[in-house]
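Morning, everyone. Please look at the model on the screen first, then I'll talk you through a few spots.

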Amino acid sequence: MLNDLVYLRRLWSHDKTLDSLKVALAFAGVVGFCFVTGHEDWLIGLILGIIAAALAESPDRVAGRMKALLVTLLCFGVTSVSVRLLFPFPWLFAVGLALSTFTYVMLGALGERYATIATASVILAIYTMLGVAQHVDNTVPFLHDPLLLLAGTCWYGGISLVAAAIFGNRPASQVVSQVFLALGRYLALKATLLEPVRGRDVKALRLALAAQNGRLVGQMNRARQILLLWAQSPRPANGARPFLQWYFLAQEVHERASSAHHPYEALSEAFSRSDVLFRCQRLMSLQAGACTRLGQAIAQGDVFDYGNDGALALQELEAALNHVQTAGQQDKALTNALADLCRNLRTIELRLSHAGQPDELEVISDSTLRDADPQTLAEMWRRLRQQFRPSSRRFRHGLRLSAALTAGYALLNLLDLPQGYWVLLTTVFVCQPNFSSTWLRLGQRIGGTVAGLLATTLFISAFPHPLAQLALVVASGVAFFNFRAERYSLATACITVLVLVCFNQFGSSYALVWPRLLDTLLGSLLAIAAVAFILPEWHGKRVHHAMARSLSLSAIYLSEILSQYRSGPRDDLPYRVARRDAHNADAELSSTLASMLTEPDRYSLPPDAAYRFLCASHTLLGYISALGAHREQDTAGLQLAEITTPEARIQQGLAQIASALATRSAVIVPGPVSTAPAHALELGVSETAQRVMRQLSLIEGLLPELAELTSGFAVDTQTGQA
């Protein structure tokens with residue numbers, strides 16, 4: 001019994017559970033209503049309205065969801081009525097389809113909430129076409145289909161509002177929980193780098209770490225957007241403060257965990273006969289487990305108990321470090337780097353040990369979060385105007401999607417395809433802003449459709465009773481929303497099952513199997529053709545810009561850190577913005593390189609060199625993060641020429657390399673000439689200044705490698721070849 005309760009609590013804490021319950025209740029409600037009242041013909045329209053409303057939903061508070069629901073109803077109403085009006089006039093309809101699709105895509109520039117509603121509005125337009133096409137003989141009232149879709153939207157919207165009122169802080173707790181779970185995975189991967197074992201594939205470990213860093217940064221960005229609504233609105237939600245404190249804790253731990261104090265291969269070689277790195281690895285592994293448990297505790301609303309394992313591991317690590325320092329058998333620079341690493345782990349341990357009492361965490365003097373969304377009509381208009389240019393990704397995507405949908409509409413009219421509006425629906429879901437994600441979605445969509453068709457055929461043959469099939473409608477609808485973010489193939493299979501079973505209530509779904517498959521193939525081909533030929537955006541052609549942006553923002557991050565060594569450490573908004581921008585750029589570079597591999601070779605940079613650059617860039621960010629992790633004021637020490645001179649060379653070198661990357665030209669950056677770290681003790685400078693010298697020396701040592709890789713990407717201006 002106790003185990004069952006524990007399982008139920010864990011199930012309830014899952015981030016998809018509440019959403020699944022809302023969808024299940026909405027579907028079950030309309031299924032029951034239609035068959036109790038005898039209006040089975042309303043079922044499809046109501047279900048499609050629920051799906052569109054759920055796709056448009058945003059994780060907001062009650063007041064925000066009410067506003068979003070009103071905007072959604074307005075957009076849905078205008079869209080469905082417009083479709084109903086223009087449907088008998090194919091030429092006007094084609095023009096309206098193209099203009100409305102482009103407009104909705106561009107409105108997404110106003111923010112994530114508007115982008116979600118805009119996408120759902122395009123989908124609802126196609127749902128309206130599906131409904132109107134079922135009764136072209138005009139045997140139903142003019143507003144029959146729009147009202148059904150809006151009724152389904154209102155029904156789900158009401159359920160969503162009630163859920164938001166009852167479970168007020170759940171979105172905030174879930175997103176912060178996901179941040180710590182991702183942080184735990186990052187720490188676990190980072191711990192593997194500390195293992196002093198020879199012959200390992202360090203490159204693969206670094207690439208895996210960079211990829212996980214990208215996922216973690218994405219989770220943090222999502223958390224920031226939600227916490228803006230909960231903790232930084234004019235009237236913050238009750239109980240939202242702890243989530244903000246945990247979010248700032250995650251940011252600090254991430255900065256410290258991403259720090260690099262020396263090349264790990266050199267540390268592993270130097271201390272291969274000592275257990276000190278094993279003890280570092282064990283402590284970081286325990287901290288990774290603690291972050292995972294903290295994430296689970298936040299999601300379940302439990303009190304987090306850190307335990308004593310970390311404190312004991314830290315004691316053993318400090319004893320091992322003391323032994324290494326006393327023995328004095330290693331190079332002083334390596335021993336100092338090891339001491340900095342242990343100091344960093346000690347601070348992470350201290351922060352996590354107080355995570356169970358968020359009110360006792362270090363108070364952030366400036367707890368403001370950056371809100372990138374426009375706040376006034378003037379800002380909204382300015383944001384929209386900035387998007388109306390061919391270089392804008394949103395502008396390109398709007399043109400591609402509107403052209404693909406218009407071509408699909410022309411195709412289904414020319415070929416007189418039965419249920420041909422599924423071509424348009426497939427195009428909407430498959431057509432993504434770039435080739436790589438569209439190609440991935442194409443395979444998932446086709447594979448999921450085939451699996452869904454087979455599953456539906458088998459189920460209807462085995463369970464012909466209407467009640468069994470209606471139960472499958474509810475189950476497949478819930479499964480679609482549960483899987484659509486992470487497992488799109490399975491989600492496509494589920495929505496295919498839902499559609500075919502619904503249509504089977506009013507005829508034979510077997511007649512739809514081949515048309516549905518044909519429509520999926522045609523819609524997918526239109527999507528991939530639009531992305532490949534209409535203002536194509538190849539990641540391989542812009543990856544050098546992502547590289548340049550990563551270096552430029554890392555330079556800004558470094559400048560912000562060093563200014564705080566001179567004026568005093570503070571986690572204010574400018575510092576956190578600089579840190580987050582640098583990590584966002586690093587994550588963007590990682591995802592851009594991954595996407596580049598799916599594109600034609602003629603558009604790509606050499607993959608090996610590109611991934612070497614990613615590793616070097618990520619290492620650079622690690623060296624800079626180490627400076628950020630150890631911030632201490634030392635105004636006099638930071639004025640030494642042994643610091644200001646390499647600082648100037650680094651900033652100049654990073655600027656030169658970034659400029660060369662932007663233009664794909666060659667660059668030469670001289671190697672480090674500073675001997676400050678070796679003579680720091682002779683200079684009699686403070687420990688803080690010595691640490692800054694060491695890290696600047698590591699950063700400067702990376703510049704020749706970055707410059708060499710950059711020159712390898714240079715394009716010959718005469719031939720246009722790399």
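This is a predicted model: local features need pLDDT of at least 70, side-chain atom pairs count only at pLDDT 80 or more; totals for chains, interfaces and linings use all residues.

Numbering starts from 1 along each chain as its sequence is written, and side-chain values use heavy atoms, without hydrogens and water.

Start with helix α4 (residues 62-86) and helix α6 (residues 112-133). Helices here are DSSP runs, H or I, of at least four residues, numbered from the N terminus. The two pack at about 35°, with axes 9 Å apart. Axes are lines fitted to C-alpha atoms over the stretch in contact, and angles run from 0 to 180 degrees between N-to-C directions. The contact residues split into 11 nonpolar, 5 polar and 2 charged.

Now salt bridges: a side-chain nitrogen of Lys or Arg within 4 Å of a carboxyl oxygen of Asp or Glu. The structure holds 20. Arg346 pairs with Glu318 at 2.6 Å, N to O. Arg346 sits in α14 and Glu318 in α13, so the bridge ties parts 28 residues apart in sequence.

Next, Arg649 and Glu700, also a salt bridge, 2.6 Å, N to O. Arg649 is in helix α25, Glu700 in helix α27, 51 residues apart. Buried or partly exposed, which is Glu700? Buried, at 3% relative accessibility. Arg649 is partly exposed at 26%. The cut-offs: buried is under 20% relative accessible area, exposed over 50%, partly exposed in between, with a 1.4 Å probe and protein chains only.

Terms used
Ala, Val, Leu, Ile, Met, Phe, Trp, Tyr, Cys and Pro count as nonpolar, Asp, Glu, Lys and Arg as charged, and the others, Gly among them, as polar.
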